[in-house]
Amino acid sequence: MTALKRALVTGITGQDGSYLAELLIAKGYEVHGIIRRSSSFNTERIDHLYKDRHDPNARLFLHYGDLGDGSSVATLLARLKPDEIYNLGAQSHVRVSFDIPEYTGDITGLGAVRLLEAVRDAGISTKFYQASSSELYGKVVETPQRETTPFHPRSPYAAAKAYAFYITQNYREGYGMFAVNGILFNHESPRRGETFVTRKVTRAVARIQAGLDDYVYMGNLDAVRDWGYAPEYVEGMWRMLQADEPDDFVLATGGNFTVRDFVVTAFEHAGLDWEKHVKFDERYLRPTEVDALIGDAGKAERDLGWKAEVDTEQLARIMVDADIEALKHEGKPWIDQPELKDWPRLDLPRP
């Protein structure tokens with residue numbers, strides 16, 4: 001019997017991690033994820049993938065660990081010897097990174113080198129994917145941005161991602177590791193966290209339509225972003241690790257939408273007048289703003305056969321519909337949801 005390919009995913013409980021886990025399991029992988037120990041579970045996005053660890057069809061296994069703890073990472077890698085590693089774990093909220101810059105640098109930046117060094121020290125032949133970000137471009141010098149565009153980070157988050165980007169390149173060039181950077185422009189979905197601007201907007205639309213709220217408070221509506229659909233982007237991550245040679249790639253739609261455009265599309269889809277419900281709050285402004293991020297994914301299309309299909313307007317409508325539907329079930333106890341009853345709340349599965 002052919003052994004299953006084994007993948008290790010950090011940040012598996014997040015938006016991208018959950019979609020990536022689904023994709024890898026569908027492709028026949030055994031998927032292992034790292035989660036931080038907490039007094040409460042944060043596994044809602046992957047609960048539907050779980051099977052009891054004694055089930056012969058089990059393909060998802062979770063392990064306690066932390067990107068801030070090099071010893072736990074090294075021990076886990078030496079034991080699992082994964083074929084592929086996807087480093088999606090990070091303190092990933094740009095605005096919050098200004099409030100906790102040291103922690104952001106430790107997890108988002110140094111977390112990558114802890115993984116890379118653990119791979120090198122274990123002497124295993126593992127392909128490594130580093131989740132880079134369009135925030136690297138910051139104060140942009142050209143539009144659209146591509147792999148050759150210089151970086152100018154404008155937040156502690158972006159600065160930490162820059163370190164992770166360059167250390168990944170360094171391990172590729174210095175040690176011959178199959179290590180790649182995916183420079184992903186904004187990619188969203190109904191699984192996006194509620195504090196991120198797109199989900200904040202679509203969730204507010206659902207609540208306002210239902211009569212639960214009257215307003216949503218926003219910061220800079222003029223910022224331009226290139227928003228795509230997260231499930232398509234995790235396919236791009238996987239394709240990068242299937243290439244013959246390691247390289248760095250931009251994933252983007254090439255779209256040109258302001259935050260205001262997203263707001264207008266979302267409210268109009270629900271039959272609402274956005275100007276009656278959106279108010280400005282300066283607390284949501286960043287100390288240093290990134291004005292326009294628009295990506296050129298031509299290299300990914302040529303070399304990987306990857307191209308975004310869902311544009312920003314479609315994305316906004318998908319997210320609004322999902323939040324309207326989710327609101328109907330908000331507050332429902334997990335024990336009453338049939339698909340969650342079998343999740344073990346007191347222990348984690350082990351391989």
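Modeller: A residue counts as buried when its relative accessible area is under 20% and as exposed when that area is over 50%, with partly exposed in between. This is a predicted model, and with that cut-off in hand one can begin with tryptophan 227, which is buried because its relative accessible area is 1%. Phenylalanine 262, with a relative accessible area of 2%, is therefore buried as well.

A pair of aromatic rings is described by the distance of the centres and the angle of the planes. Across the whole structure, a search finds nine aromatic pairs. In one of them, the rings of phenylalanine 151 and phenylalanine 165 have planes at 85° and centres 4.9 Å apart, and so this pair is edge-to-face. The two partners come from distant parts of the chain, 14 residues apart, since phenylalanine 151 belongs to the loop between β5 and α5 whereas phenylalanine 165 belongs to helix α5. Both phenylalanine 151 and phenylalanine 165 are buried. The pair formed by tryptophan 227 and phenylalanine 262 is tilted, with 55° between the planes and 5.3 Å from centre to centre. This pair, too, links distant parts of the chain, for tryptophan 227 lies in the loop between β9 (224–225) and β10 (228–229), while phenylalanine 262 lies in helix α8 (residues 259–269), 35 residues apart.

Phenylalanine 151 and phenylalanine 165 also belong to one aromatic cluster, together with Tyr137, Tyr166 and Phe185. The loop between β5 (127–133) and α5 (156–175) also holds proline 144, and the peptide bond that leads from threonine 143 to proline 144 is cis, with omega near 0°. Most peptide bonds, by contrast, are trans.

Setting aside residues up to four places away in sequence, tyrosine 129 touches Ile85, Tyr86, Asn87, Leu88, Val180, Gly182, Leu184, Met237, Met240 and Leu241.

Glutamate 194, in the loop between β7 (187–188) and α6 (197–209), counts as partly exposed because its relative accessibility is 43%. Leaving aside neighbours within four places in sequence, glutamate 194 is in contact with Arg199, Lys200 and Arg203, and its side chain makes a polar contact of 3.4 Å with the side chain of arginine 203. Lysine 81, found in the loop between α2 (70–80) and β4 (84–87), is exposed because its relative accessible area is 52%. Phi of lysine 81 is near 50°, a positive value in a residue other than glycine, whereas most residues other than glycine have a negative phi.

Terms used
Residues numbered from 1 in each chain as written. Predicted model: local features only at pLDDT ≥ 70, side-chain atom pairs only at ≥ 80, totals over all residues. Heavy atoms only, no water. Helix = DSSP H or I, 4+ residues; strand = E, 2+ residues; numbered from the N terminus. Buried < 20%, exposed > 50% of the residue type's maximum accessible area, 1.4 Å probe, protein only. Contact = heavy atoms within 4.5 Å. Phe/Tyr/Trp six-rings, centres within 6.5 Å; stacked < 30°, edge-to-face > 60°. Polar contact = N/O pair within 3.5 Å; in protein donor to acceptor, adjacent residues only side chain to side chain.
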